[in-house]
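Hi,

Here is the structure I promised to pass on. Have a look at it first, and then read on for what turned up when I went through it.

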Amino acid sequence: MPNMSPTKVPMPEQEPDIRNKNFLEVAKGYTAEMAMEEASRCLNCKNKPCVSGCPVNVRIPEFIERVAKGEFEEAYDIITTTNGLPAVCGRVCPQENQCEGKCVRGIKGESVSIGRLERFCADYHMKNSTAKPEKPQSNGKKVAVIGAGPSGLTCAGDLAKKGYQVTVFEAFHTAGGVLVYGIPEFRLPKAIVKKEIENLEALGVEIKTDMVIGKVLSIDELFDMGYKACFIGSGAGLPSFMNIEGEELIGVYSANEYLTRTNLMKAYLDDYDTPIIDSKAVAVVGGGNVAMDAARCAKRLGAETVYIVYRRGMEEMPARKEEIHHAQQEGIIFKNLSNPVKILPDENGRVRAIECVEMELGEPDASGRRRPIEKQGSNFELPVDTVIMAIGTSPNPLIRSTTPGLETNKRGCLIVNEDTMQTSREGVYAGGDAVTGAATVILAMGAGKQAAKSIDEYLSDK
Amino acid sequence: MYKILKRRQLNDTVVLMEIDAPLIAKKALAGQFIILRVDERGERMPLTIADCDREKGTVTIIFQIVGQTTMLLSQMKEGDSLADFVGPLGKATDFEGAKRVCVIGGGVGCAIAYPSAKQLYTSGAKVDVIAGFRSKDIVILEEEFSKVCDNLYITTDDGSYGEKGFVTDKLKSLIEAGNQYDLAVAIGPVPMMKFVCEVTRPYGIKTLVSLNPIMIDGTGMCGGCRVTVGGETKFACVDGPDFDGHKVNFDELMKRNGTYRAKEQHDKEHCRIYGGGANA
């Protein structure tokens with residue numbers, strides 16, 4: 001008999017007032033008992049709507065059935081047949097819009113907590129198993145992957161499993177892409193990302209850091225070096241600014257810079273050399289997950305007051321509900337329906353305040369969300385010493401500007417055949433944010449997976 | 001890991017190193033830079049490439065000891081290895097076919113002015129070099145410069161070597177003496193570049209400057225290196241590091257380079273200035 005409790009087994013978490021002062025993981029994870037109890041809420045439906053909601057089609061009811069029986073390693077093995085990064089996905093996927101959004105249990109009550117169960121299996125495996133994946137027999141064909149983020153790592157893993165000799169070229173000094181520079185430690189511990197990458201290396205994937213493709217080597221040179229196909233997963237790294245007065249002041253960061261200093265460069269640890277401003281009051285501009293991450297990092301780095309400044313309402317915020325909820329619990333102040341007009345300096349050229357104008361919502365715009373309209377004369381100042389712009393990113397031009405024949409759209413995104421992920425160049429595939437603009441980890445992984453399949457088909461014919 | 005093949009102390013605080021980095025050496029052009037990390041806990045520090053040897057596969061860097069990272073770097077010996085060495089980043093200098101050029105270097109900035117002089121001279125331009133230093137004991141690269149220019153003028157602030165005065169004084173006198181430069185290249189501390197631009201502006205001599213703002217990745221990702229050029233925001237790492245000096249907002253750059261200066265003084269153990277100091 002399934003467990004008919006209408007609610008999920010609650011996730012143990014650090015108390016808000018304690019966790020907003022440390023970088024340890026907020027959600028502590030299920031115990032085996034909790035996992036088995038939650039797993040028994042799954043009805044094991046015949047038509048598996050949850051699987052269709054997953055961009056990498058994790059065999060959800062099958063793995064949950066094993067969890068319910070306490071067969072955790074078996075459950076892990078089922079997950080990893082389609083998902084190379086389960087410890088990551090279990091933590092950062094927007095499950096409410098994907099698998100859990102389609103769960104039948106969600107119609108009358110809460111869905112099964114698929115994400116937490118996936119995380120549990122991955123963590124259980126990491127903790128209890130020393131087995132490394134076995135390196136498959138090589139087929140002798142070399143494939144280059146550009147960017148060691150979610151799409152590149154997924155593509156590399158899938159190809160390595162099929163016997164390809166895969167080299168991943170990463171511009172930073174550490175592999176992981178947004179998983180290491182963007183998403184903070186308290187949401188995704190870096191030791192977990194490192195383990196997942198070590199698993200890929202055990203499969204035979206070679207990772208070369210410090211390699212800015214487009215500068216040190218071009219894609220054409222990679223082909224000259226014997227790579228038979230290439231996957232571009234270079235992400236959407238270029239930060240947007242608002243182009244308002246005062247953005248050049250000291251104390252204005254892009255979220256990319258603030259998060260990279262904090263997460264990749266470990267500015268929060270004393271034994272690293274990375275400097276970051278000691279902020280007292282911070283305004284983070286934007287309403288997405290990146291804005292929530294930046295705000296929560298600022299709080300942990302010691303800021304007394306942290307605002308989220310967002311031009312639409314709470315309902316329209318693109319961030320995951322859970323992230324917004326966590327931010328609120330941690331004392332982040334939401335200034336919704338507010339839009340920055342300019343950033344004001346002190347006498348030393350440092351940020352003194354941000355001037356905003358109140359907004360109201362009009363008719364829905366092209367995105368389907370109600371368009372924010374300025375309320376004339378409603379300007380107000382928030383006294384802050386730091387402003388973090390988290391209003392989006394676009395793809396980096398380094399590769400497209402050095403690769404002849406690579407077509408992009410007007411936003412700089414690489415154009416691909418959506419079924420095969422092939423670009424306008426033969427043998428060159430792309431996926432993730434480099435194609436879609438800033439999106440989610442799991443969508444990037446789905447694209448990497450599709451590209452690996454296409455590359456395999458392309459090279460099998462050769 | 002990137003091995004240090006050669007280490008030479010140019011003066012008390014300026015060190016030259018040749019790094020084994022064949023892929024970068026193959027591609028590097030005058031004006032481009034690298035980013036290095038000394039060790040696993042170090043900062044990413046940008047340094048403009050001083051020279052490279054495509055056959056030997058080496059890239060030369062020259063830096064001044066100004067803070068934590070340059071201090072750590074200076075303590076490394078031949079045979080030691082750097083954790084990271086990334087490049088070549090940024091755009092190569094576009095000399096626009098200039099035929100009569102004055103290259104002006106200030107202090108350790110001479111290290112970066114040198115490859116420009118070398119490239120211009122070997123491509124057939126007539127090159128004057130003005131290399132300015134505070135005093136005789138910190139003069140660097142005199143011999144190297146003398147091989148890649150038509151006239152080398154060394155100035156010192158205190159007159160202990162070469163001509164007494166600032167590079168701007170010498171530049172002004174050369175222009176007033178009738179030298180018709182079609183390009184000036186100024187590389188050094190931000191105030192020096194600013195004042196060189198003020199000298200050349202009334203004569204309409206195009207002036208290239210190499211900027212050194214604070215940055216992390218060097219690929220356009222952090223936006224920390226944004227500078228205002230001709231009223232527009234540019235990222236020095238991908239749009240530069242060279243810009244038309246007559247359009248650069250130097251005062252803003254100086255302020256931004258001071259972002260962590262107070263913190264540095266307050267907490268010397270754990271942080272440092274970079275970018276703003278390393279090339280200055």
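This is a predicted model: local features need pLDDT of at least 70, side-chain atom pairs count only at pLDDT 80 or more; totals for chains, interfaces and linings use all residues.

**Where the chains meet**

Two salt bridges cross the interface by the rule used here. In a salt bridge with D271(A), R41(B) has its closest N atom 2.2 Å from the O atom of its partner.

**Salt bridges elsewhere**

Over all chains, the count comes to 42 salt bridges. As a reminder, side chains of opposite charge can pair when their charged atoms come close. Here are some pairs to look up:

- R19(A) and E330(A) meet through their side chains at 2.5 Å, N to O. This pair links distant parts of the chain, with R19(A) in helix α1 (residues 16-19) and E330(A) in the loop between α14 (321-329) and β9 (333-335) of chain A, 311 residues apart. Both R19(A) and E330(A) are buried.
- E62(A) and R59(A) form a salt bridge with their closest N and O atoms 2.8 Å apart. E62(A) is partly exposed, at a relative accessible area of 31%, and R59(A) is partly exposed, also with 31%.
- D84(B) and R37(B) form a salt bridge at 2.7 Å, N to O. They sit 47 residues apart, D84(B) in strand β8 and R37(B) in strand β3 (residues 33-37) of chain B. Why does D84(B) count as buried? Because its relative accessibility is 4%, and the cut-off for buried is under 20%. R37(B) counts as buried too, at 4%.

There is also a network in which salt bridges share partners. Its members include E13(A), R19(A), R187(A), D293(A), R300(A) and E330(A).

**The nonpolar cores**

Which residues touch the most other members of the largest nonpolar core? In this core of 120 residues they are I60(A), F63(A), I232(A), L36(B), I61(B), L73(B) and F85(B). Helix α16 (residues 441-460) of chain A gives the most to this core, with nine residues. Leaving aside neighbours within four places in sequence, I232(A) is in contact with residues including I146(A), I219(A), I399(A), L406(A) and Y429(A). A second, separate core has 55 residues, among them V167(B), C225(B), A236(B) and V238(B).

In chain A, have a look at helix α5 (residues 72-80) as well, where the buried residues are F72(A), A75(A), Y76(A), I78(A), I79(A) and T80(A). Among the elements covering them are α2 (32-39), α4 (60-68), α7 (114-128) and α10 (190-202) of chain A.

N11(B) is in the loop between β1 (2-9) and β2 (14-20), and it counts as buried at 8% relative accessibility. A polar atom of the N11(B) side chain lies 3.0 Å from the backbone oxygen of I138(B). Not counting residues up to four places away in sequence, N11(B) touches D137(B), I138(B) and I140(B).

R100(B) belongs to strand β9 (residues 100-106) and is buried, with a relative accessible area of 13%. What does the side chain of R100(B) make a polar contact with? Its partner is the side chain of N179(B), at 2.9 Å. R100(B) also touches residues such as K126(B), D128(B) and Y181(B), among others.

V185(B), in strand β13 (residues 183-187), is buried, with a relative accessible area of 2%. The C-alpha atoms of V185(B) and A113(B) are separated by 7.6 Å, though the two are 72 residues apart along the chain. Further along in sequence, contacts of V185(B) include F95(B), V103(B), S116(B) and L208(B).

Cheers

Key:
Residues are numbered from 1 along each chain as its sequence is written. Chains are lettered from A and ligands numbered from 1 in the order in which they are written. Side-chain values use heavy atoms; hydrogens and water are left out. A salt bridge is a side-chain nitrogen of Lys or Arg within 4 Å of a carboxyl oxygen of Asp or Glu. A nonpolar core is a set of buried Ala, Val, Leu, Ile, Met, Phe, Trp, Tyr and Cys residues joined through side-chain atoms within 4.5 Å. Buried means under 20% relative accessible area, exposed over 50%, partly exposed in between (1.4 Å probe, protein chains only). Helices (H or I, at least four residues) and strands (E, at least two) are DSSP runs, numbered from the N terminus. Contact means heavy atoms within 4.5 Å. A polar contact is a pair of N or O atoms within 3.5 Å; within protein, one must be able to donate a hydrogen and the other to accept it, and residues adjacent in sequence count only if both atoms are side-chain atoms.
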